[in-house]
Structures are given as structure tokens and as C-alpha cells.
Amino acid sequence: MAFLEQHIHDEPKTFVSKYLISYDHKVIGKQFLFYGIFFLLVGGLMALLIRWTLAYPGVPFPVIGNLLFPHTGGVVPPDTYAMLFTMHGTIMIFFAITPILIGAFGNFCIPLMIGARDMIFPTLNMLSFWFSMASGALLLISLCLPLGAAAGGWTSYPTLSTTLGSPGAGQTLWLLSLFLFGASSTMGAVNYITTVITLRAPGMDYFKMPLTIWGIWLTSILNAIFVPVLGAGLILLTFDRVFGTTFFLAGAAATSGKGDPVLFQHVFWIFGHPEVYILILPAWGIVSDLLSFFSRKPAFGYKMTALSLTAITILSTVVYGHHMYTTQMSPLLTQSFMTLTMLISMPSAVFFANWLGTLWKGSIRFTSPMLFSLGVVFVFGLGGLTGLYLASTSIDLYLHDTYFVVGHFHYTMAASVLLGGFAGTYFWFPKMFGRMMDEKLAKIHFWATMIPLNGIFTGMMMMGWAGMHRRLYNPFIYEFTQNLIPLNKFVTYCAITMGLVQFIFLYNFFKTIFGKNIPQASSNPWEVGTLEWTIPSPAPHYNFKEIPHVKCGPHELGNPNLTDGKDFQYQTEELVKA
Amino acid sequence: MATKAQIQEEKVFQNSVAMTVTLIAFGMMFATLFLGYFLVRANAAVWPPVEIQNMPKLLPFLSTLVMGLSSLTYFKMEKSESQRSLYWSLTFALGIVFLVLQWILWAALKEKGILVSNGNVPSMVIAFTWIHAAHILLGLIALLWLGKFVLKKKEELTVIKLMNVGKFWHFLGVIWLLIYLMMFVL
Amino acid sequence: MSISFSERLLGLISNVYEISAKSVSFWESFQPPEDISSNGHLIEWLFYYTTYVNLFWFALVVIGLFGFSFLYSQKRHKKPVYTHGNEKKHLFITAFIAVGVFLSVDLVITKVSSRDMKESFWNFDDSGDTVKVQVLAQQWAWNFRYAGADGEFNTADDVVTLNNMRVPMGKKIFIQMTSKDVIHAFYLPNARVKADAIPGRFSKLWFDANKAGEYEIACAEMCGTHHYLMKAQLTVLTQEDFASWVNESQSMAIATNDTEDVNLRWGWKWGSK
């Protein structure tokens, strides 16, 4: 198979072709980044509204309360509360994490790190972004409807999500929005998978790819296979709402024929469980690379890490039932799901040990990308271990639908992915925008995020152990949760702090992009050897003037026999024997 | 420097990979529908349930014949250079005939009182055939786009485009066959 | 009424004080509610076991993370050791850790959970001196039905209550449940169990209560705007008190219930699928 070089296109000239309708993967990546940050703020505001209501039931939300809820004097009403936690989950998962980790880093990094000039299908790439925009627009519109947006939880179980439980167009628009999102995701997946398989530069074997690419590639494979499953579920639920079918109707909702609400849960979680791995795999890949880069030594057990990530990808497809223990599936099925879920511990422990092995006897530079990567090691270690409680069928009898679950998935999804996303942003910023973000502000951002973050989610797990269940507008009408009022207040203070701290990042981010008199970044400010750092910062529109020929791995750092003054080798250099 | 043949071979490989991933994606969507049907059927006390008794037999059989024929004419279109336009027209026409047959099928189901509101099984029969038909529509749009090249004879690009659209068209044929066997025969 | 900044600051300080000044210590504040069942301790035991072993492995992670960050910072450790971590000894250590985690945590939990489910939580043998209750969940209340003297559900002597389940101490209480409308979940914090109540199908649960008193029942599945209000009361009586309540109630039921009322007959034959 001959290597097919993509040719160099002319540089786009007009504002529209440069920034709006762009076919350049780097521009599309940046578009996804801005899009994701926008929704991160919207989802974050919703989180604060939720936390405020839990800490101060009946008290108006400060500053903008009266603007948002004039009818109640600024207090969040119960039906809005349901809408808030539904949209918070939906937005964070599909409109913040996915665009940033997969849309932005996937698009930006894949061609650059594998030595290509662009994705294999630039038009498909552009369409993928605009489908996302359409999806986001639909979701935002649904917030303005008279009967409100979807309010049945991001999991939208029927029959609450049928027209009986959720009248109005909000839930239907939610379904359509997610369908468009799914189309965007699938397009992206086709592009990423094909690009990695067919456009790797000469010499870049699979086991010479950076682990970032492994993470994003495995995520794309899961995306291609399982997002359509969600699509099918969404279609069927939409048909129930709009065309009178009865797939999921039962009880009072089944006015004529009936169906099975639990079938939706099966379909949803067959997608849903791989989805959580889809969200974390890119962050795992990024952290695996960054730990090596900033320890100045090769990634420990690179091949085993890549294989463990693959094993986890495969295992993630057969464990979904642990989300449904309380629906009382057959004992055999329930036990099988528990056993399979437990197996995931092993490959996870392998790459985790490899992370620590990378740090061991390194020469660690505590740059902001490194700090955030170390943060991921901490929060994912904690979060991952808390999953074990929930995998147990007996413990789950107590912990299901409590704040323990909320704490667990926020540690693994929000904390790990968010910190990983920040690590990636600080790291690739110079390649994206040609400047370095302010390191001092970045370090403050790290500590000021890390501390309250742990306060929030450890607090939640404690509440969960106390039995406080979730999705409650006012948990304290129950006697057994009364002791948790101070803890809830504490979690809210941490959340407000963490929320406000993110303005440090936003200021740093936008000031560096748009500010005047910011010094130009060098082509390789972090002194690492992956291909994107062999070209100028920001990357030129054609990426590589000459397609590189890869001769060594992505983590060739700390080789004692290097003679040219650098402590690392570019992937284009012949490997120096140690 | 790669030769023209090598470039072509590489392009074919790239497109094969992309189409395979695409078809896996579409396939998983249909597989989910089939899974639902399988679960409902496996757990049903009696089969066929009263809601879908007396389903039409001839219409879906004709649809299957038409789909099979259209795959044949598509195949011939790929292979024959001289009669490409003819086979393209036949394939497109057969696609339209398929949609018409589906339309008649839905009308027949309605007439026999097999309505979506009667339960999840009639919902499945009608919704799944509808979803498949929507994808046939997409396929027809793709055929129309292909027709630009076939009818105007733009040689260089046709091979890969033929391959891509062909994979999708045959895929839809296989899906129909599965729907037909699972819902109307077995 | 809006709260001024200074009031809020004062509130923040007093909250911290509140935690320690209250009669409930901070540690007590996040403990699970009182366990009145025979099987709740099984869940607690497994939770604590998992916590201790997790703490062990997490301590290793933290020691590695902070320890290596300290020992091998650029200032302190100028030359990194150039290894790819792919030698036999490295693979062995990694495999050892992975297997160690699996054996100490996963395998134990799997075995203990399976045993507990089979022997206890899934043991639905309702023969003998047990109490059977049918539960109908709806937006946003709980309905309970007792069979009455004839032992049959959905008959004229059934005792039906709203938002109050009365059970005797020391006997096994078997519950079958369904929902009228959307999915709810029947949650007994003091017995550490819950199960989904799903429209169109029946689910089951059993528990026992070894202490008299008033406890709470909650809904643990999002069911709409007033999900948070779906609280019911669990009244645990002595066996004598329970028997007299049932007798009294069922004579009242026979006397006062309208036998034509369709809405009262929401029960089903015990053991239906």
C-alpha cells in the first residue's frame, strides 16, 4: 500500500472561509473548543442553580435570580429544578465534554500528531461541526418553550418522557437535538477512524502513535458503534411521542396498546455505558502522554497501556446492566453484569500503575499541563475505586439513585475529564494560537479548582452513604436527611468557589488569544518530540511542508546517549541506542 | 512518487474503511431495532399476537424481489461500462417501485386494522419498515447524485463513488431481507 | 427576602460552628439512618470492607503520586532514568498489582454480593407467617393494600392505606409493587433496600423490621415535578398492635367501602407476573 500524500490547498482568504465555513481541521477544532466552552458555562450556571436550591431551599438565587424567575421572586421553582438537572447533565455530556475532548482535541491533534495535512474527509468534518451547532441551537430553543425544556432526567426514561409524563415540545426537541448530535458524532467518528487507519505518516506504526491518538481513536470506535444505538432509542421514543406508536408505553400512558418501558433502559444503557468510556478515553490518552512529556522519560509500559485501553474499550460494551440492577432483571443476567463489570478493574489498574511508573525516577517539570495531569491521576484513582461499590448488586440496593452515584460519576467524568481537558488546552494552546497562556494564572487556576472540586464530590459521596437520594427539589422534607444540611451547604460553597475560579481560566484564555503585545510562542515550547512540535506555532494551514517520516516512538525523552544538547528526540529522528 | 494505480488502490482502501465504519454505524442502529423485536418476541406468551394477525404476505414478498433485483441491476451498472446509464435508470426505477410498494403495504396494514397505537408489535412492524424506507430515500438521493456522473460519463471519479453508493445500497437490501424474514416470514 | 452579604458570611461561619456545636457530630451526620432490618448489616459490612481495601490501594496511589512528585521533581532529580517500562520485571509488577486489586476487592465483593443476594435479598420464599403487602406507586403518592382475613387480594375486606405502611415487628414483610403511571422506586432507607415500581409489570421486595417506631419511605426514581414530595410513612408496630389494627381496619373496610368503586380495586392476584 503506497502512502498517499494529501496535497497543499491554497490558504483561505475571506473571513467566512477562514473562520466560519472552514474545511481546515485546526479551525474546526477551535470552533468545537469555543462551542464547548460556551456550553460548559451554561451547564455550569445550571449546576450552581441546583446547588443553590439544595443549600438554601426557598431563598432567591443571588444577582440574576429575579431575572431568571420573576414569577417566584428569584426562587427556583420545582418544575424548573427538574429541567435544570436534566439539562445540566445533557449539556455537560453532549455539548461540553464531547465537543471539547473529542471535537476539539480530536480534530486538532489527530492530523498533526500522525503527520497528515488534514482529516481524510474535510467536508464531512465541516458538516459534523455545523450539525453540532444545529443540535445546540435546538436545545437552547427548547429552554424558551412555554412548557419548558425536557425535565425527565438526562436519561429520559419512559413513561416519564412520554407525552403523558412530559407534555409539550421540550422533550421532543431534546430528542431531535440529540439525534442531530448523534449524526454529528457519527460523522466525526467515521472521519477519525479512517484518518488514523489510512493517513498515518510513513513509519508511524500503531505502536508509535501518541497515546492521545490511541485514546481518541478508541473513543471514535465506540462512538461509531454505540451512538447509533442511542439514535434508535431516540427515534422510537420520538415515534411514541409524535406518531402514536406504543414501544415504551405502559400503565396510564398506554391508552390503547402497550409496550415495555424497560426496553428503553436496555437500549439507552447499551449506549450509555460505552458513552461514559467515550468521554474518558481521550483524557486518559492525553494524560498518558503528558505524564511522560513532563517527567522527561518514556511512557512506562506504553504498549501495555495501549492494550489496556483497548481491553477496557471492549469490556465496556458488555457491562451496561449495572445501571439497571433495580429493574430486577433475571438473577443470572444481573450476576453476569456484576462479574463483567468487576473485570474492568484489571486493565484499569494496569494503565494506572503505568502512570505511576512513568513518574517514577523521572525529572518532573510542574508545568500547568503536568499539574492538571497529576490532578487527573488523583481524581480518577478515587473516582474509579468508588465504582466498585456500585458494581456490587447488594450494595447497589442501598446506593442506587443516591448522591453516591452522583459523586462517583462526577469524579470520573466531570473531575477527570475536566482536568484532562484543561491539561490539553494549556498544552496545545501554543500550537493552536501561537502564544503561551500565562503560567502563573494557570497554576492558580489548578489549585483553586482542585481543592473545591474534591470538596464537592467527596461531600456528595458522603451524602450518598447517608442515604440521601437524588433529583430532589428539597431533600429536607425527609427526616433522615436533616443532618446533611450543613454538608449540603459546604458542597454548595465549594461549587460556587470552583465556578468563580473558572473565570481565571476564561480571562487567561481570551486575553492570550485576543490581547495585544503577547509574545509569539516557539515551535516547541514544551520540548517534546511528537510531530506537531516539528512545525511552527501556530501551525500553518497546510501543517507539514513535507510529510514527515517517522523513525522512533512518541516518548523518546531522557535517553542518556543523546549528543545534540536536547534531552528528547523528535519522532522524525533515527532512534539513538541507549 | 506513487503511480496512478497505487494512488487508485490507496483511495479504494480509504473509502472501503470509511464505508465499512459508516455501515457499522447504520447497522448498529438497525441492530438495536432488531434487538428490541427479538426481546419482545422471545418474551411474548403467544406468537403472533392478535394485533398482527393477517399481515399481508404478497406485498412484502414483492418488495423483497424488487430490492434483490435492484441490487442486481446496481451490480451490473458497476461492471458494464457501455450500458451503465441503462442499469442506473433500472436501479433508480426499482428503488421508486420499492417505496411505492411500501406505501401500499402501510395502507394495507391500516385497512386490516394493524395500527401503531394497538401495541408495541404493530408499532415495530410499521415503524421499522418506515425507518428502512427513510434510508431507501437517502439511498435514492445518493443514486441521483451518482447519476450526475454516470449519465454525464465522468470516468475518473466513478469507480470509488460507485463502490461507496453501492455498499450503502446493498446494505439496505440486506436490512430489508432481514426485516422481511424476521417479521413477515418467521 | 434577600440576604445581605454580611448575613451570608455570618451564616458561613456559623455553619462550620453548627456542625460541631450540634448534638450530631460531623462523623455522625453522614452515617446511614438507623438500620432496623435483619439484612441491612450485610450491605454495611461489604461497604466497610470495600472502603478499607480501597483506602489501602488509594493510599498506594497517593504515596506514589505525592512521593514521586516530591522525590523526582526536576530540582531534586536532574537525570531521569530512561526506561520504557517494558522489561519482564516491569510487566510482572504491573500484573501483580492488577491481580492484587482484582483479588482483594473485585473477587471478594463479587462473592459476598452473590451470596448475600442469593441467601438473603433474593430469597422470596413468602410461605409461613409473613405479611404480604401490595404497593401501587403513583404520581405522587404511595398506596398500600393488605389482603384482610380472606387472604385474597382485591376483595372487599382488603385494607387500603395512603402514604402509610404499617407492619409488625419481627416478621418478614413481602411486597409486590407496580406503578400506575411512570417509573417510581420504593426505597426504605432504614432497611437499606429499594426496587423500581414499573408500570405494566410487577416487582418485588422483602424486608423485616426489628424495632417499633415511625420511619420513612421515599421514592428513588425521578417521577416528575413532585418527586421530592413522594414521602410515605413506615409505621412498625408490635405484633399485637398490628393484628388489632388489621382486624379493626378490615371490619371498617367491609362496612364502609363502596364495593362498586373501581378505583379501589387496583389490587391483583398475589404472585402475578
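**Figure 1. Contact between chains A and B in the predicted model.** In this predicted model, the contact draws 34 residues from chain A and 29 residues from chain B. On the side of chain A that touches chain B, the elements giving two or more residues are α6 (170-198), α7 (211-242) and α8 (261-295) of chain A. Helix α7(A) provides the largest share of that side, with 11 residues. Sorted by class, the side of chain A that touches chain B holds 21 nonpolar, 11 polar and two charged residues.

**Figure 2. Overall form of chain A.** Chain A contains 16 helices and zero strands. Its radius of gyration is 24 Å, close to the 25 Å that the globule rule gives for 578 residues, so chain A is as compact as a globular protein of that length. Taken along the principal axes, the C-alpha atoms of chain A fill a box of roughly 75 × 55 × 50 Å. Buried residues account for 66% of the 578 residues of chain A. Of the contacts in chain A between residues at least 6 apart in sequence, 78% join residues at least 24 apart.

**Figure 3. Overall form of chain C.** Five helices and 10 strands are found in chain C. The radius of gyration of chain C is 27 Å, whereas a compact globule of 273 residues would have one near 19 Å. Along the principal axes, the C-alpha trace of chain C spans about 90 × 55 × 35 Å. Of the 273 residues in chain C, 37% are buried. Among contacts in chain C with a separation of 6 or more, 67% are accounted for by residues 24 or more positions apart.

**Figure 4. The five-stranded sheet of chain C.** This open sheet is arranged in the order β3-β2-β1-β5-β8 (chain C), and its pairing is mixed. Strands β3 (159-162) and β8 (203-208) of chain C stand at the edges; each has a single partner strand, so one side of each is left without a neighbour in the sheet. On average, and with direction ignored, neighbouring strands of this sheet are turned by 25° against each other. In general, the strands of a sheet pair through backbone hydrogen bonds, either parallel or antiparallel.

**Figure 5. Strand β1 of chain C and its pairing with β2(C).** Strand β1 (residues 131-138) of chain C is largely enclosed by the rest of the structure, because six of its eight residues are buried. Strands β1(C) and β2 (residues 141-146) of chain C run antiparallel and are joined by six bridges. A hairpin leads from β1(C) to β2(C) through two residues. Within this pairing, V135(C) has F144(C) in β2(C) as its bridge partner.

**Figure 6. Strand β5 of chain C between β1(C) and β8(C).** Strands β1(C) and β5(C) run parallel, with seven bridges joining them. Opposite K132(C) stands F174(C), a residue of β5(C). Strand β5 (residues 172-179) of chain C is also joined to β8(C), by six bridges, and these two strands run antiparallel. In that pairing, K172(C) has D208(C) in β8(C) as its bridge partner. Strand β5(C) thus lies between β1(C) and β8(C) in the sheet order, and β8(C) stands at an edge.

Definitions and conventions:
Residues are numbered from 1 along each chain as its sequence is written. Chains are lettered from A and ligands numbered from 1 in the order in which they are written. This is a predicted model: local features need pLDDT of at least 70, side-chain atom pairs count only at pLDDT 80 or more; totals for chains, interfaces and linings use all residues. Two strands pair if DSSP finds at least two bridges between them. Helices (H or I, at least four residues) and strands (E, at least two) are DSSP runs, numbered from the N terminus. Axes are lines fitted to C-alpha atoms, for helices over the stretch in contact, and angles run from 0 to 180 degrees between N-to-C directions. A residue is buried if 20 or more other C-beta atoms lie within 10 Å of its own, exposed if 12 or fewer, and partly exposed in between; C-beta atoms are placed from the backbone. Two residues are in contact if their C-beta atoms, placed from the backbone, lie within 7 Å. Ala, Val, Leu, Ile, Met, Phe, Trp, Tyr, Cys and Pro count as nonpolar, Asp, Glu, Lys and Arg as charged, and the others, Gly among them, as polar. The radius of gyration is taken over C-alpha atoms; the globule rule is 2.2 Å times the number of residues to the power 0.38.
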